[in-house]
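Subject: Structure handover

Hello,

Here is the structure I promised to pass on. Please open it and keep it beside you while you read the notes below.

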Amino acid sequence: MSLRQILTFPNPVLRQKAEEVTEFNTDLNSFIADMVETMYDAPGIGLAAPQIGKSIRLIVVDISEEEDEHKSMVMVNPKITKQSGKQVDEEGCLSVLDLTASVKRSLEVTVSYQDAEGKPHELCTEDRFAIVLQHEIDHLDGILFLDHLSTLKRALYKKKVKKQQQAAAKKDAGITDDKK
Ligand code: NI
């Protein structure tokens, strides 16, 4: 197992539509192990493969009941087949630094997926876990929680990131903004 680097906005890999997983082999299993390790190290409660640079339809989510017990679940090729109701809650993302915001999501979702061996399953859930699943499955379609915010909030965040990048580039070039 090894820790992987988590890509952050505006990395273009985060915007790609991820490919279906068709081969269930040892490579996939070791990749899943890396994802789980990376998620807990972050720490996070969910991670999608594109976030560590691999554009495939695979997510891992934390399903621990207690904080000290790490229990995760892997979902390959997850797809929301049914959704109903509405809920609004605060979200953040390991790939969207320094931002949390309220996002409107479905209250209940039914998700069909495959496990690490390729066996099909279906899961129906609600509340917080339904939010996590919607958030992570969005990543597989190149969608970030940012995209659910108002145009203004999104524009402000993009501007902030751009400024940070410009400041970092200046620093790299040895230019400082210090006024004397
Ligand atoms: Ni995320």
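This is a predicted model: local features need pLDDT of at least 70, side-chain atom pairs count only at pLDDT 80 or more; totals for chains, interfaces and linings use all residues.

A salt bridge here is a side-chain nitrogen of Lys or Arg within 4 Å of a carboxyl oxygen of Asp or Glu. Lys-17 is exposed at 60% relative accessibility. Asp-141 is partly exposed, at 30%.

**The chain as a whole**

The protein chain has three helices and seven strands. From the N terminus, the order is α-β-β-β-β-β-β-β-α-α. The C-alpha atoms fill a box of roughly 65 × 40 × 35 Å along the principal axes. Of the 180 residues, 42% are buried.

**The nickel ion**

Which residues are the protein donors of the nickel ion? They are Cys-93 (SG), His-135 (NE2) and His-139 (NE2), lying 2.1 to 2.3 Å from the ion. Along the chain, the donors follow the spacing C-x41-H-x3-H. Both histidines, His-135 and His-139, lie in helix H2 (residues 127–140). They are four residues apart, about one turn of the helix. Are they buried or exposed? His-135 has a relative accessible area of 6%, so it is buried, because buried means under 20%. His-139 is buried too, at 1%.

The whole structure holds seven salt bridges. One of them joins Arg-128 and Asp-89, with the closest N and O atoms 3.1 Å apart. Arg-128 is in helix H2 and Asp-89 in strand E4 (residues 87–93), 39 residues apart. Arg-128 is partly exposed at 37% relative accessibility, and Asp-89 is partly exposed at 32%.

Glu-91 and Arg-105 also meet in a salt bridge, at 2.8 Å, N to O. Glu-91 lies in strand E4 and Arg-105 in strand E5 (residues 96–105), so the pair ties together parts that are 14 residues apart in sequence. Both Glu-91 and Arg-105 are buried.

**A charged patch**

What gathers on the surface in a patch of negative charge? Glu-65, Glu-66, Glu-67, Asp-68 and Glu-69 do. Asp-68 is placed in the loop between strand E2 (58–62) and strand E3 (72–84). Asp-68 is exposed, with a relative accessible area of 68%.

Best wishes

Terms used
Residues are numbered from 1 along each chain as its sequence is written. Side-chain values use heavy atoms; hydrogens and water are left out. Donors are N, O and S atoms within 2.8 Å of the metal (3.2 Å for Na, K and Ca); water is not among the atoms, so sites may look incomplete. Helices (H or I, at least four residues) and strands (E, at least two) are DSSP runs, numbered from the N terminus. Buried means under 20% relative accessible area, exposed over 50%, partly exposed in between (1.4 Å probe, protein chains only). Patches are made of residues with over 30% relative accessible area and no salt bridge: like charges are joined within 9 Å, nonpolar side chains (Val, Leu, Ile, Met, Phe, Trp, Tyr) within 5 Å. Accessible areas come from the Shrake-Rupley method with a 1.4 Å probe; for residues, only the protein chains shown count as cover. Lys and Arg count as positive and Asp and Glu as negative; His and the chain ends are not counted. The place of a charge is taken as NZ of Lys, CZ of Arg, CG of Asp or CD of Glu.
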